[in-house]
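Reader: I would like to go through this structure with you. Could we start with the terms and then move to the details?

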Amino acid sequence: MSSPYIAQQPVNDFSLRFSDQKYTATLAASTDTSLTVPSNAKRFKVVMKAEADASVYVAVNATAAVPAGASFAASTSELIPVNGVLCREVNAADVLHFITAGTDIDVSVVLYSIDTISGI
């Protein structure tokens, strides 16, 4: 499925077409789970959702990590909002890494290839 790229696209998945590139996994506690982005396009919009009331962190091309303490520290990971959607742009062959401190947390990943007029 290909989606035309428009500047300032929304960061949720409202009004997107159904994709033919959908992936799901049930995460085990404290276990890095990865997904390699397919190479059938140069770039993708990736829409990630996690089970309600679950803290799931995602990293690109690095091991995901949950926060280690009360102080701010640099991190490779970003939190998927609870009951929300995280949408980011990724390149072909990037590796998405997911982790949670919870058990049996369901995660959904949907990819939309991005076409551009300039071919960038």
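Author: Helices (H or I, at least four residues) and strands (E, at least two) are DSSP runs, numbered from the N terminus. This is a predicted model, in which local features need pLDDT of at least 70 and side-chain atom pairs count only at pLDDT 80 or more, while totals for chains, interfaces and linings use all residues. Residues are numbered from 1 along each chain as its sequence is written, and side-chain values use heavy atoms, with hydrogens and water left out.

Reader: How many helices and strands are there in the protein?

Author: The protein has 0 helices and 9 strands. Read from the N terminus, the order of elements is β-β-β-β-β-β-β-β-β.

Reader: What share of the residues is buried?

Author: Of the 120 residues, 34% are buried. Buried means under 20% relative accessible area, exposed over 50%, and partly exposed in between (1.4 Å probe, protein chains only).

Reader: And what does the accessible surface come to?

Author: The accessible surface is about 7100 Å², and 55% of that belongs to carbon and sulfur atoms. Such areas come from the Shrake-Rupley method with a 1.4 Å probe; for residues, only the protein chains shown count as cover.

Reader: Which residues gather in a patch of negative charge?

Author: The patch on the surface consists of Glu-51, Asp-53, Asp-104 and Asp-106. Patches are made of residues with over 30% relative accessible area and no salt bridge, with like charges joined within 9 Å and nonpolar side chains (Val, Leu, Ile, Met, Phe, Trp, Tyr) within 5 Å. Asp and Glu count as negative and Lys and Arg as positive, whereas His and the chain ends are not counted. The place of a charge is taken as NZ of Lys, CZ of Arg, CG of Asp or CD of Glu.

Reader: Where is Asp-53 found?

Author: Asp-53 is in the loop between strand 4 and strand 5 (56–60). Its relative accessible area is 68%, so Asp-53 is exposed. The phi of Asp-53 is near 60 degrees, a positive value in a residue other than glycine. Most residues other than glycine have a negative phi.

Reader: Then where does Asp-104 lie?

Author: Asp-104 lies in the loop between strand 8 (95–100) and strand 9. Asp-104 also has a positive phi, near 55 degrees, and is exposed because its relative accessible area is 56%.

Reader: Is Asp-106 in a strand or a loop?

Author: Asp-106 belongs to strand 9 (residues 105–115). With 40% relative accessibility, Asp-106 counts as partly exposed.

Reader: Changing topic, how many salt bridges are there?

Author: The count is 2 salt bridges, a salt bridge being a side-chain nitrogen of Lys or Arg within 4 Å of a carboxyl oxygen of Asp or Glu. One joins the side chains of Arg-43 and Glu-89 at 2.9 Å, N to O. That pair links distant parts of the chain, with Arg-43 in strand 4 (residues 43–50) and Glu-89 in strand 7 (residues 85–91), 46 residues apart.

Reader: Are those two buried or exposed?

Author: Arg-43 counts as buried because its relative accessibility is 16%, whereas Glu-89 is partly exposed at 39%.

Reader: What of Arg-88 and its salt bridge?

Author: Arg-88 pairs with Glu-78, and their closest N and O atoms are 2.3 Å apart. Arg-88 is in strand 7 and Glu-78 in strand 6 (residues 78–80), 10 residues apart.

Reader: Lastly, which residues does Leu-35 touch?

Author: Leaving out residues up to four places away in sequence, Leu-35 touches Tyr-23, Asp-94, Val-95, Leu-96 and Val-109, where contact means heavy atoms within 4.5 Å. Leu-35 lies in strand 3 (residues 33–36) and counts as buried, at 16% relative accessibility.
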